[in-house]
Amino acid sequence: MSEEKEIKKDRAGITRRKFLKDAGIVVGGTAIGSAFFLSACGEKVEVTKTVTTTAPGATITTTAPGTPGGTATETKTVTKYICPVCSQEFDTLDALKAHFDSAHEKEAVVQDGVINITVNGQSHEIRVKPHWTLDYVLREVFGLTGVKRGCELGACGVCTVLMNDRPCLACLTLAIECGSKRIETIEGLAEDALNLHPIQQAFYEEFGAQCGYCSPGIVMRTKYLLSKTSSPTVSDIRASLSGNICKCGNYSNIIKSVQLAANKVKGG
Ligand code: FES
Ligand code: FES
């Protein structure tokens, strides 16, 4: 398989979390490293530049007439691999990898960070790895498995939580960026199992959940919608939930649920 095909294959087959994990990004610093990272980020680009050839008898169109067997210059497009750290150019991916290992090894150290984060009203100080995403921390550190994991590419919305009262895709958010932020998940809505939040109650009454996998993300986005407009129209609801995919196709009940939720939140 050609290098170009390998790069395309790597790019197509990774999720953001896997990319970040394998890349070992140092947030706030300069360095990133691993052979995988170079496959994903070591740019293969075409650059137009003036080159000198010393190949005897080279057949080229020269900008300055060359002498057969001597040297000549020409302007042409060549393929180069660019180092993502220092922008140095290399002719092959292997040359770039060798350069990266020797020149940037020290910079490829992964650094942890300590953040203060408020989750469902409780403040926590936690140490996080730079590649940990918010959904990973919420699920694996805090045990909040109501935060669902789906595409991990920002395309399905199942991981939606509220960050400082605004919807946030937890799979696309690095935990280390969440210092001093307020996070609210589905677990933070109900007082207890017998006292559901009005939005949850509305989804229950209107059968807004079938398998329920999409529901936490949709409920959190509904909470944001109703904080902005107390009487959303159907098109408001559709627009607001357009980033949340329901694999069960339960959309008509979801819309009815949001309408009922609006009435309940208003006290109707
Ligand atoms: S898991 Fe986050 S958008 Fe799909
Ligand atoms: S209810 Fe099953 S994915 Fe939406």
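Helices (H or I, at least four residues) and strands (E, at least two) are DSSP runs, numbered from the N terminus. The exercises below concern a predicted model, in which local features need pLDDT of at least 70, side-chain atom pairs count only at pLDDT 80 or more, and totals for chains, interfaces and linings use all residues. Residues are numbered from 1 along each chain as its sequence is written, chains are lettered from A and ligands numbered from 1 in the order in which they are written, and side-chain values use heavy atoms, with hydrogens and water left out.

**Exercise 1. Describe the largest cavity and its lining.**

Step 1. On a 1 Å grid over the protein atoms alone, a cavity is a set of points where a 1.4 Å probe fits but cannot get out, a pocket is an open set with protein on both sides within 12 Å along at least five of seven lines, and lining residues have an atom within 4 Å of a point. Grid points are joined across faces, edges and corners, and a volume is the space filled by probe spheres set on the points.

Step 2. One cavity of 30 Å³ or more is present, and the volume of the largest cavity is about 30 Å³.

Step 3. The lining of the largest cavity consists of Gly146, Val147, Val158, Thr160, Val161, Glu184, Thr185, Ile186, Pro216, Gly217 and Met220. At least two lining residues come from each of β6 (160-163) and α7 (215-228), and α7 has the largest share, three residues.

Step 4. For classes, Ala, Val, Leu, Ile, Met, Phe, Trp, Tyr, Cys and Pro count as nonpolar, Asp, Glu, Lys and Arg as charged, and the others, Gly among them, as polar. The cavity lining has six nonpolar, four polar and one charged residues.

**Exercise 2. Describe the largest pocket and its lining.**

Step 1. By class, the pocket lining has six nonpolar, two polar and no charged residues.

**Exercise 3. Characterise the packing of α7 against α9.**

Step 1. Axes are lines fitted to C-alpha atoms, for helices over the stretch in contact, and angles run from 0 to 180 degrees between N-to-C directions. The axes of α7 and α9 (residues 251-266) lie 11 Å apart, at an angle of about 45°. The helix α7 is therefore oblique to α9; angles under 35 degrees count as roughly parallel, over 145 as roughly antiparallel, 65 to 115 as roughly perpendicular and the rest as oblique.

Step 2. The crossing of α7 and α9 is right-handed, where a crossing is left-handed if the near helix is turned anticlockwise from the far one by less than a right angle, and right-handed if clockwise.

Step 3. Contact means heavy atoms within 4.5 Å. From α7, Ile218, Thr222, Leu225 and Leu226 meet Ile254, Val258, Ala261, Ala262 and Val265 of α9. This contact has eight nonpolar, one polar and no charged residues.

**Exercise 4. Characterise the packing of α6 against α9 and against α7.**

Step 1. With axes 8 Å apart, α6 and α9 pack at an angle of about 140°, and the two helices are therefore oblique to each other. Their crossing is right-handed.

Step 2. In this contact, α6 supplies Pro198, Ile199, Gln201, Ala202, Phe203 and Glu205, while α9 supplies Ile254, Ser257, Val258, Leu260, Ala261, Lys264 and Val265. The residues divide into nine nonpolar, two polar and two charged.

Step 3. The axes of α6 and α7 cross at roughly 120° and come within 10 Å, which makes α6 oblique to α7. The crossing of α6 and α7 is right-handed.

Step 4. Ile199, Gln200 and Phe203 of α6 make the contact with Ile218, Val219, Thr222, Lys223 and Leu226 of α7. Five nonpolar, two polar and one charged residues form the contact of α6 with α7.
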